[in-house]
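Here are my notes for your first look at this model. Keep the viewer open and follow the points in order.

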Amino acid sequence: MKTSDKQPAAQQPYKSWKELPHVPVSYPQLGSIGATGEWRTFKPEINAEACNKCGMCYLYCPDGVISYKEGTLPEIDYMFCKGCGICASICPKKAIEMVKEKE
Ligand code: SF4
Ligand code: SF4
């Protein structure tokens, strides 16, 4: 194997996402697939006591339906949340529970 065939070692220059440089991003458009609250089967509920207000759920929600200001409790727009559960999976405090919608 030639030296040039070797994969470079993975580098982790940042200790947290807060250290990432600012780059152009495109945000999901709120409600781009229409109101999903009518067909969603599970919805996320935030446990205010367990939440540490880190904002990770806001960053990861693929539909941009979580509102968040640093140091405050996030708010979910249930009109457009599709219940995918990504926010619950990513929450480091397990403060989001996916609850079955009532019929
Ligand atoms: S990811 Fe979890 S702990 Fe962090 S703000 Fe969201 S609900 Fe709170
Ligand atoms: S369940 Fe999915 S769409 Fe709803 S707030 Fe969480 S990440 Fe966003």
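How do the residues of the lining of the second largest pocket divide into nonpolar, polar and charged?

1. **The second largest pocket.** The lining divides into five nonpolar, one polar and three charged residues. Here Ala, Val, Leu, Ile, Met, Phe, Trp, Tyr, Cys and Pro count as nonpolar, Asp, Glu, Lys and Arg as charged, and the others, Gly among them, as polar. The residues in question are Trp-17, Lys-18, Lys-53, Cys-54, Gly-55, Tyr-58, Leu-59, Tyr-68 and Glu-70. About 170 Å³ of space lies in this pocket. A pocket is an open set of points on a 1 Å grid over the protein atoms alone, with protein on both sides within 12 Å along at least five of seven lines; a cavity is a set where a 1.4 Å probe fits but cannot get out, and lining residues have an atom within 4 Å of a point. Grid points are joined across faces, edges and corners, and a volume is the space filled by probe spheres set on the points.

2. **What you are looking at.** This is a predicted model, where local features need pLDDT of at least 70 and side-chain atom pairs count only at pLDDT 80 or more, while totals for chains, interfaces and linings use all residues. Residues are numbered from 1 along each chain as written, chains are lettered from A and ligands numbered from 1 in the order written, and side-chain values use heavy atoms, with hydrogens and water left out.

3. **The fold in outline.** The protein chain has two helices and four strands. Along the sequence they follow the pattern β-α-β-β-α-β. Both kinds of element are DSSP runs, numbered from the N terminus: helices are H or I with at least four residues, strands are E with at least two. Of the 103 residues in the chain, 20% are buried. Buried means under 20% relative accessible area, exposed over 50%, and partly exposed in between (1.4 Å probe, protein chains only).

4. **Ligand 1 and its cavity.** The structure holds three cavities of 30 Å³ or more. The largest has a volume of about 90 Å³, and ligand 1 takes up that space. A molecule sits in a cavity if more than half of its atoms lie within 2 Å of its grid points. The cavity has 14 lining residues, with Cys-51, Cys-54, Cys-57, Pro-74 and Cys-91 nearest its centre. By class, this lining has 10 nonpolar, two polar and two charged residues. The shell around ligand 1 has eight nonpolar, two polar and two charged residues. Among the residues around this ligand are Asn-52, Lys-53, Gly-55, Met-56 and Ile-96. A residue counts as near if one of its heavy atoms lies within 4 Å.

5. **Ligand 2 and its cavity.** Ligand 2 sits in the second largest cavity, which holds about 70 Å³ of space. Around ligand 2 there are 13 residues, and the closest are Cys-61, Cys-81, Cys-84, Gly-85 and Cys-87. That shell divides into nine nonpolar, two polar and two charged. The cavity lining includes Pro-44, Asp-63, Val-65, Ile-76 and Lys-82. By class, the lining has nine nonpolar, one polar and two charged residues.

6. **One aromatic pair.** The count comes to one aromatic pair. Rings of Phe, Tyr and Trp (its six-membered ring) pair if their centres lie within 6.5 Å; planes under 30 degrees apart count as stacked, over 60 as edge-to-face and the rest as tilted. The ring centres of Tyr-58 and Tyr-68 are 5.7 Å apart and the planes are at 40 degrees, so this pair is tilted. Tyr-58 lies in helix H1 and Tyr-68 in the loop between strands E2 and E3, so the pair ties together parts 10 residues apart in sequence. Tyr-58 is partly exposed at 36% relative accessibility, while Tyr-68 is buried at 18%.

7. **Two backbone angles to check.** Most residues other than glycine have a negative phi. Lys-53 has a positive phi, near 65 degrees. Lys-53 is in the loop between strand E1 and H1. Lys-94 also has a positive phi, of about 50 degrees. Its loop runs between helix H2 and strand E4. Lys-53 is partly exposed at 31%, and Lys-94 is exposed at 62%.
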